[in-house]
Number of protein chains: 2
Amino acid sequence: MKQLAGIFKALSDETRLQMMSLLLRTGELCVCDFVAVLDITQSKASRHLRYLVNAGLLIDRRAATWVYYRVTPEPKAAAAGILSLLSSVLAGQSDPQLSKRLDRWRRKKSCGATCGAPAATRRATTGGKH
Amino acid sequence: MKQLAGIFKALSDETRLQMMSLLLRTGELCVCDFVAVLDITQSKASRHLRYLVNAGLLIDRRAATWVYYRVTPEPKAAAAGILSLLSSVLAGQSDPQLSKRLDRWRRKKSCGATCGAPAATRRATTGGKH
DNA sequence: TGCAAATAACCGTTTAAGCGGTTATTTGCA
DNA sequence: TGCAAATAACCGCTTAAACGGTTATTTGCA
């Protein structure tokens, strides 16, 4: 029962729900994808993703510099049912805004350019240092 | 998406999960039943039940002095799927302790005696007044 | 009408999350 | 080996939730 509450808690945050929604659709994404698509800071993305991993909903995989996340393929007990429910529920109310951003980011990413935030943001950050 | 997060948040507390579990099994209970079966204070029971009502998972019904709660018969959107999932998941891992307490309380209640905590506690409370 | 029971609302305190911003760590590459 | 990118861990602050305890409200009954 306690574990079940933990799973629900992991899903009680909108950012984390969006992350799950993106992963259920795409299969696998790295941190920088979430940063770009959800327009959130890297630390925020990292924190929420770790939260979902700890709850047993995601697994991570390191490939070179990047860490990729995807829905755990072997959910234990309660998690299995919740995950299958989640995919159907989210399909029914998928945020069009989110889909649009995802597509746009995918195109931009495949056009070239490695991971990371758009150039403008990067330049601003660097300039702010002293 | 926000509403969905709210529903999960309502289910992220163990006490509230136990409440849902009891209601899915019994159909309808009043506040004093939760106080007796879960061995929690009245204020705690009341607060958590209201939380579940606000989340759209329960409805309440006043009958004389008592307020009865049951799972909402007309859940909206996301709630419906979650509720049906919940009943199956909870059935799979129902806490034996909880069932035992429920049965014991039911017997005690039907034997006579109105609602409220066991006599001992009631006496103590009254005695403590001044 | 007055009293007792059941319940909801309120209050002050404590605890857990969330956040932005920064620093540390891992990794690939020149 | 040294640098830059991606990510995780850390820090201080703010906010929300949970709790026990108390008070107010509703209701039935004598």
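Colleague: Where is the place of Gln18(B)?

Modeller: Gln18(B) sits in helix H2 (residues 14–26) of chain B. Helices (H or I, at least four residues) and strands (E, at least two) are DSSP runs, numbered from the N terminus. This is a predicted model, where local features need pLDDT of at least 70, side-chain atom pairs count only at pLDDT 80 or more, and totals for chains, interfaces and linings use all residues. Residues are numbered from 1 along each chain as its sequence is written, chains are lettered from A and ligands numbered from 1 in the order in which they are written, and side-chain values use heavy atoms, with hydrogens and water left out.

Colleague: Why is Gln18(B) called buried?

Modeller: Its relative accessible area is 18%. Buried means under 20%, exposed over 50%, partly exposed in between (1.4 Å probe, protein chains only). So Gln18(B) counts as buried.

Colleague: What does Gln18(B) touch?

Modeller: Not counting residues up to four places away in sequence, Gln18(B) touches Met1(A), Leu38(B), Asp95(B) and Leu98(B). Contact means heavy atoms within 4.5 Å.

Colleague: How do you know whether Ser21(A) is buried or exposed?

Modeller: Ser21(A) has a relative accessible area of 5%, so it is buried. Its place is in helix H2 of chain A. With residues up to four places away in sequence left out, Ser21(A) touches Leu90(A), Leu98(A) and Met1(B).

Colleague: What makes H2(A) oblique to H6(A)?

Modeller: Helix H2 (residues 14–26) and helix H6 (residues 96–110) of chain A pack at an angle of about 60°, with their axes 12 Å apart. That angle makes H2(A) oblique to H6(A). Under 35 degrees counts as roughly parallel, over 145 as roughly antiparallel, 65 to 115 as roughly perpendicular and the rest as oblique. Axes are lines fitted to C-alpha atoms, for helices over the stretch in contact, and angles run from 0 to 180 degrees between N-to-C directions.

Colleague: Which residues make that contact of H2(A) with H6(A)?

Modeller: H2(A) gives Gln18(A), Ser21(A), Leu22(A), Arg25(A) and Thr26(A). H6(A) gives Leu98(A), Ser99(A), Leu102(A) and Arg106(A). They divide into 3 nonpolar, 4 polar and 2 charged. Ala, Val, Leu, Ile, Met, Phe, Trp, Tyr, Cys and Pro count as nonpolar, Asp, Glu, Lys and Arg as charged, and the others, Gly among them, as polar.

Colleague: What is the angle between H2(B) and H6(B)?

Modeller: About 60°, with the axes 12 Å apart. That makes H2(B) oblique to H6(B).

Colleague: Why does Val35(A) count as buried?

Modeller: Its relative accessibility is 16%, so Val35(A) counts as buried. Val35(A) lies in helix H3 (residues 31–38) of chain A. Beyond four places in sequence, Val35(A) contacts Ile40(A), Thr41(A), Gln42(A) and Ala45(A).

Colleague: How do you know how the two copies are related?

Modeller: A rotation of 180° with 0.0 Å of shift along its axis superposes chain B on chain A, at RMSD 0.0 Å. The copies are therefore related as by a two-fold rotation axis. Superposition is by least squares on the C-alpha atoms of residues with pLDDT of at least 70 in both.
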